[in-house]
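Keep the viewer open and follow the stops below in order. Each stop gives a selection and then says what is there.

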Amino acid sequence: MDKSPPKKETTDIESEGTGWQCRRPRINRSLLPVKASYLFYIGALVTLFPVIPVYLSYLGLSPSQIGLIRGAEPFLDFLVSPVWGSMADKFSIHQNLVLVNVFGVGGAYFSTIFVPGSGQYNVTPENGTDQITGDQAADHWSRTKGTFVACLILIACGQMFNAGVVPLLDANTELVVKPHKGASYGRQRLWGSMGGMIFSVLAGAIMDLYAKKPFFLHEYSPAYVIFLFFIVLTVIPVWKMKFAPHKPPETIFRSAGVIFKSPRIVAFFLVMMTFGFSYGQVDTFKFLFLDQLGAPHILRSLCPAANCLAELFLLYYSKQIIWRIGHENAFMLVLAAYAVRFLAYSFLWNPWWILPVELLHGFCFGILWPNVTSFCVAVAPPGMAATMQSIAFALTAGLSEGIGTILGGLFYERFGSRNLFRAMAGACVLVLITYRIFCCFVEPIEPGSGGKTKEDSPTQNEKNDTKLAQTKA
């Protein structure tokens, strides 16, 4: 009989000292690589990604061309992300795939700094209207064809690699924090928000200083250099990170089919597609709108900083909030936040007033994504957590975001930015009402139950009978 003392459960952050003594926090060192990976990788993305739409406009591309490029990224997510997740689960090579993809993201996106431009986009509408003619559009497309193709290829390659980083990291984080009391996915992921908040502001300030007298390529060069620096730093913690033990599923495609049998899970994916559609508008056209309002570089960097600041609090308490209000109510809360956010955008005239509006991103991500991650891990068949996470990522940041970005670019160019944001606010309200009606007829998912309702969850007697049967067997 083993008489060794029981192992003590480690916590994410413990305190030393007793009674009235001053307590010093002690961080669980085994989770430090997880925190550092999010810190550097998200910090790198937030440094460069807000600059890309404005940089593409600087190269001479039109809003519809920018919409097509940014719209291609999510479609690649939709196609590639499940492949990365399935490969990782099938061959148990999660860490190797993350490392390869991080290098790919850095190389592909950084290469866009060398794409030759064709002059600032300045097609002037005729006849005193806000619309350009067909001849003007055709002439512009022929003049910028080479720039458009080069940017499309490089950004598409970068996004294909990016599609394999976040889902694999998220799935692994949700698994490795389970043995640690007090730890949660949100409390690891908030370090990514901290990186985004700090590094984006740093990049914006440097860009404003550099723009006064640029000496290398163009005024957007600092964002690219900082991005590459933090991508390289990301490799170190990923290399040191402990990945959860994994047993490959015997039949991966049959197991994947089980995911879509529950109406509650299907509804979950459909609502997630609405979030992807909404995020496609915010991620691309918010920054073009700020450029129209004459916003300085520092403001474009302060927007991600405000997003990250709002995320910190809600990510830290996301586990408790989701447990209390439930999955469906959390989704409806995010839909309401998106509706208010879009409506506020449409009434902005002073670009600096966007900063308080950006605090709503705390709900749009800080509540949404921890809910998605915990739900996916809970309902996934054995050995398919990464696959489930990749499917959710593909539908949200893939198919729906791609459709939203392409349609948004066409709508933006024809009807203007304010009308686009007001239409999106109305769409979010409509989905919110529809989903609320759906929830009146379908039993809500009980928090912490792995996606099951109260009537589907086994009772304690049933659990005891199952254990007894297993013992007899």
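A cavity here is a set of grid points where a 1.4 Å probe fits but cannot get out, and its volume is the space filled by probe spheres set on those points. The model is a predicted one. By this rule it holds 5 cavities of 30 Å³ or more.

**Stop 1: the second largest cavity.** Its volume is about 90 Å³. Select Val46, Thr47, Pro50, Val51, Ser200, Ala203, Gly204, Met207, His297, Arg300, Ser301 and Pro304, which line this cavity. Colour α1 (32–48), α8 (185–211) and α12 (297–316) as well: these are the elements that give two or more residues to the lining. By class, the lining has 6 nonpolar, 5 polar and 1 charged residues.

**Stop 2: the largest cavity.** The space here comes to about 860 Å³. Centre the view on Arg189, Tyr279, Asp283, His361 and Phe365, the closest to the cavity centre of the 37 residues that line it. Then show helix α11 (residues 263–292), which gives the most to this lining, with 7 residues.

**Stop 3: a helix pair.** Select helix α13 (residues 318–325) and helix α16 (residues 361–379). At what angle do these two helices pack? The angle is about 75°, and the axes lie 9 Å apart. Angles of 65 to 115 degrees count as roughly perpendicular, so α13 is roughly perpendicular to α16. For the contact itself, show Ser318, Ile321 and Ile322 of α13 with Gly366, Ile367, Pro370 and Asn371 of α16. This contact has 4 nonpolar and 3 polar residues, and no charged ones.

Note on methods: Residues are numbered from 1 along each chain as its sequence is written. This is a predicted model: local features need pLDDT of at least 70, side-chain atom pairs count only at pLDDT 80 or more; totals for chains, interfaces and linings use all residues. Side-chain values use heavy atoms; hydrogens and water are left out. On a 1 Å grid over the protein atoms alone, a cavity is a set of points where a 1.4 Å probe fits but cannot get out, and a pocket is an open set with protein on both sides within 12 Å along at least five of seven lines; lining residues have an atom within 4 Å of a point. Helices (H or I, at least four residues) and strands (E, at least two) are DSSP runs, numbered from the N terminus. Ala, Val, Leu, Ile, Met, Phe, Trp, Tyr, Cys and Pro count as nonpolar, Asp, Glu, Lys and Arg as charged, and the others, Gly among them, as polar. Axes are lines fitted to C-alpha atoms, for helices over the stretch in contact, and angles run from 0 to 180 degrees between N-to-C directions. Angles under 35 degrees count as roughly parallel, over 145 as roughly antiparallel, 65 to 115 as roughly perpendicular and the rest as oblique. Contact means heavy atoms within 4.5 Å.
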